[in-house]
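Student: Hi, I have a new model open and would like to talk through it with you. Could you take a look with me?

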Amino acid sequence: MNPAGTHPTGTPAATVLNPDGTRRPLDQYDAPRLTENQGARRFHVMSKPAGSACNLDCSYCFYLSKADLPDGPGSGRMSDETLELFIRQYIEGVTGNQVVFSWQGGEPTLRGLDFFRKVVALEQKHAKPWQKIENDLQTNGTLLNDEWCEFLKANRFLVGISIDGPRDIHDQCRIAKNGGPTFDKVMAAINLLKRHQVPFNTLTCINRYNARRPLDVYRFLRREIGSTYLQFIPIVQHKGFELKSPQSWDPNTLPKDGEPEARPGHPNSVVTDWSVDPEDWGYFLCKIFDEWRNKDAGKVLVNHFETLVAQHMGLPSQICIYGEFCGKGLAIEHDGGVYACDHYVYPEHRVGNIHQGKLSDMAFSREQVKFGFAKHESLPKYCRQCAYLRDCWGECPKNRLIRTADGEPGLNYLCAGFKRFFAHAIPEVERMVAELRKQPLRPQGRLDRGIK
Ligand code: SF4
Ligand code: SF4
């Protein structure tokens, strides 16, 4: 292309105006913005109304440290003005027929019920007539009471309760500020939710300790709590996560796959002590997959399994980590600052502030689209040649903190576990898909919620 913006053939080339008034050629990162009027625009924003504040002190929390991150969001609470601006801009920006508000933290219930009453009133004020507005609340449950549950039920909130397994497992990492246990309080909250018939799912963090007890964890959640939607999140935290954003590491310092530093527990390990071991992660998934397949498939949703089945049916991944691209799940902090993702709340990944710009412009900005494409573009050759590429897509970029055995950076720390799981589960998943294809497809649950 010549500087005048035409191809040598003389055909005018598509160009885009830069903010400084110059023009540059159109590329793939511009497409989502330029096609904004052609079909529904969907994105998801996770909000932090209490910032990173929490009444607990879980060992593996990646969010408490945001209060002290230089040039980060700091500590604080979302003001009424920021709340209304967020709700209005979010509803305006999503042109699809569903807008999902996800309230997270920190601990969002620290804001109290009056804050959430305001949320519901503002949503009703700004809702477009054809849109369904939904609310998710992710909570440790310890502050819930009857009044809360009545509100959650009346306003159709879907509650995610964080619980890591039976008492001895849960109390290992999910501790109060004084170091004390929290299991009884969380169980009391679950009983309250049940009594008030508030729909809830469970979110369980798989760490170095509970990964070795898969059936104790799964059976507790399934048989004792009666959870019918189980989300499992592997804990992977690079040392120094408090200050350094994922992928800003010096690639030469990253251990190679198979080296002891690529596992937790080694003095020079790349991850914190409580991070899940990659082999244990594979073991955990395989064991609970068998239990789910034998006893619960069709009745119970497990985030990793539902998405694997969906992908083998030719449907898109149900969760961002297994998608080819990401970037459609942003985070908004208490001060109105918008970040590329909940796991990228670092100054270099701030895409704007709703007090200075429009949320939907940020969601479809070149910067954000590039962030989403980078998930695919930064895949190492090793992943591109992997038999499980279309199931895994290198999983979440924040976990790509090791090198391949021949030194290529960007391999997922959990790779060994994923390979073990895919090798074990995929033959059975293929059988399930063959059975499902014989029946009419009935989507279940709220799988399109962008839940991570
Ligand atoms: S894959 Fe990871 S980085 Fe991408 S949106 Fe999901 S959690 Fe964020
Ligand atoms: S299983 Fe490992 S090699 Fe294969 S795509 Fe996933 S991270 Fe890459």
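Student: Where does aspartate 71 lie?

Tutor: Aspartate 71 sits in the loop between strand S3 (44-47) and H2. This is a predicted model, and in it phi of aspartate 71 is near 60 degrees, a positive value in a residue other than glycine.

Student: OK, and what about the peptide bond from glycine 105 to glycine 106, cis or trans?

Tutor: That bond is cis, and its omega is near 5 degrees. Glycine 106 is placed in the loop between strand S4 (98-103) and H3.

Student: At what angle do H2 and H3 pack?

Tutor: Helix H2 (residues 80-93) and helix H3 (residues 112-126) pack at about 40 degrees, and their axes are 9 Å apart. H2 is therefore oblique to H3. The crossing of H2 past H3 is right-handed.

Student: Which residues meet there?

Tutor: From H2 there are Asp80, Leu83, Glu84, Ile87, Arg88 and Ile91, and they meet Lys118, Val119, Leu122, Glu123 and His126 in H3. By class, the contact of H2 with H3 holds five nonpolar, one polar and five charged residues.

Student: Next pair, then. How far apart are the axes of H7 and H8?

Tutor: The axes of helix H7 (residues 214-225) and helix H8 (residues 278-296) are 9 Å apart, and the packing angle is about 40 degrees. That angle makes H7 oblique to H8. H7 passes H8 in a right-handed crossing.

Student: Which residues of H7 meet H8?

Tutor: Pro214, Leu215, Tyr218 and Arg222 do, and on the H8 side they meet Tyr283, Phe284, Lys287, Ile288, Glu291 and Asp296. The contact of H7 with H8 has six nonpolar, no polar and four charged residues.

Student: And how do H9 and H14 pack?

Tutor: Helix H9 (residues 303-312) and H14 pack at an angle of about 60 degrees, with 9 Å between their axes. H9 is thus oblique to H14, and the crossing of H9 and H14 is right-handed. Leu308, Val309 and His312 of H9 make the contact with Ala425, Val429, Glu430, Met432 and Val433 of H14. By class, the contact of H9 with H14 divides into six nonpolar, one polar and one charged.

Student: Let's switch to the ligands. Which residues come nearest to ligand 1?

Tutor: Cys320, Ile321, Cys326, Cys341 and Cys396 come nearest, out of 11 residues around ligand 1. The shell around ligand 1 has six nonpolar, two polar and three charged residues.

Student: Which residues are around ligand 2?

Tutor: Around ligand 2 you find Tyr382, Cys383, Cys386, Tyr388, Leu389, Cys392, Gly394, Glu395, Asn412, Cys415, Phe418 and Lys419. By class, the shell around ligand 2 has eight nonpolar, two polar and two charged residues.

Student: Which helix gives the most to that shell around ligand 2?

Tutor: H14 does, with three residues. Helix H12 (381-384), helix H13 (389-392) and helix H14 (415-437) each supply at least two residues of the shell around ligand 2.

Student: Zooming out, how many helices and strands does the protein chain have?

Tutor: The protein chain has 14 helices and 14 strands. Its C-alpha atoms fill a box of roughly 70 × 55 × 55 Å, taken along the principal axes.

Student: What radius of gyration would a compact globule with 452 residues have?

Tutor: It would be near 22 Å, and the protein chain has 22 Å, so the two agree.

Definitions and conventions:
Residues numbered from 1 in each chain as written. Chains lettered and ligands numbered in written order. Predicted model: local features only at pLDDT ≥ 70, side-chain atom pairs only at ≥ 80, totals over all residues. Near = placed C-beta within 6 Å. Nonpolar A, V, L, I, M, F, W, Y, C, P; charged D, E, K, R; others polar. Axes fitted to C-alpha atoms, helices over the stretch in contact; angles between N-to-C directions. Helix = DSSP H or I, 4+ residues; strand = E, 2+ residues; numbered from the N terminus. Parallel < 35°, antiparallel > 145°, perpendicular 65-115°, else oblique. Left-handed = near helix turned anticlockwise from the far one by under 90°. Contact = placed C-beta atoms within 7 Å. Rg over C-alpha atoms; globule rule 2.2 N^0.38 Å.
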